[in-house]
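Me: I've got a structure to go through with you. Can we take it in short steps?

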Amino acid sequence: MLSKVLVAYGTTNGSTARIAEAVADVLRKEGLTVEALPARSVESVEAYDAVVVGGGLYAGRWHRDARRFVRRHRRALTGRPLWFFSSGPLDATASERDIPPVPGVRRAMVRLDAKEHITFGGCLEEGAKGRIARMIVSSGKGGDFRDFGQIESWAAGIGAQLLAPSPGREPQ
Ligand SMILES: Cc1cc2nc3c(=O)[nH]c(=O)nc-3n(C[C@H](O)[C@H](O)[C@H](O)COP(=O)(O)O)c2cc1C
């Protein structure tokens, strides 16, 4: 039975961590055992039956921790059901249309045979780390564009795929 899911995330300002928690909550409600952990803290993925990896977007790339995670665990990730998400755009576009993965994430999807990727709106608010982040916020271009309805329905889709009886497998 597919039961244990890891949601690993790379974040600088915490907003991707909150998305990962929301994904984990939905999967738990569906009866799966789920851990949401910072990608850099994960030593091994062997104990998990499926993995979701998410990263904030910085200068057109996934957060470094998410990039390192997929590189470091590439062998074990290949062959496990795998989903990716990114969080970034500081406007409503991610709620309105599908935003394709950045090139590095697209390459990782192909390499690791990830099932799906989605881009969620990002969040940048007062207190964010870094000079550029502070400039964005002080110029009025920050805000919280995470769409938790969209996040929850994407997670529900993952749950449905994990819990669907697969051909050749006896119903539990
Ligand atoms: C320096 C900097 C660069 C960013 N670059 C991008 C980018 O290339 N694409 C994008 O969609 N969002 C970009 N963003 C917005 C962040 O991805 C967004 O704030 C995200 O929610 C951050 O996630 P975190 O809070 O988990 O670190 C950038 C933000 C900062 C501060």
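Reply: Start with the shell around the ligand: its residues divide into 10 nonpolar, 12 polar and no charged. Ala, Val, Leu, Ile, Met, Phe, Trp, Tyr, Cys and Pro count as nonpolar, Asp, Glu, Lys and Arg as charged, and the others, Gly among them, as polar. This is a predicted model: local features need pLDDT of at least 70, side-chain atom pairs count only at pLDDT 80 or more, and totals for chains, interfaces and linings use all residues. Residues are numbered from 1 along each chain as its sequence is written.

Me: Which residues come nearest to the ligand?

Reply: Asn 13, Thr 16, Gly 56, Gly 88 and Gly 122, out of 22 residues around the ligand. A residue is near a molecule or strand if its C-beta atom, placed from the backbone, lies within 6 Å of it.

Me: And which elements give two or more residues to that shell?

Reply: Helix 1 (15–29), strand 3 (50–58), strand 7 (123–124) and helix 6 (131–138). Helices (H or I, at least four residues) and strands (E, at least two) are DSSP runs, numbered from the N terminus.

Me: New topic. How many helices and strands are there in the protein?

Reply: Seven helices and eight strands. The radius of gyration is 16 Å, close to the 16 Å from the globule rule for 172 residues, so the protein is as compact as a globular protein of that length. That radius is taken over C-alpha atoms, and the rule is 2.2 Å times the number of residues to the power 0.38.

Me: How much of the protein counts as buried?

Reply: 37% of the 172 residues. Buried means 20 or more other C-beta atoms within 10 Å of the residue's own; exposed means 12 or fewer, and partly exposed is in between, with C-beta atoms placed from the backbone.

Me: Why is strand 5 called largely enclosed?

Reply: Six of the six residues of strand 5 (residues 82–87) are buried, so the rest of the structure largely encloses it. Leu 82, Phe 84 and Ser 86 point one way; Trp 83, Phe 85 and Ser 87 point the other.

Me: Which strands pair with strand 5?

Reply: Strand 3 does, in the parallel sense over six bridges. Strand 6 (residues 116–120) is also parallel to strand 5, over five bridges. Two strands pair if DSSP finds at least two bridges between them.
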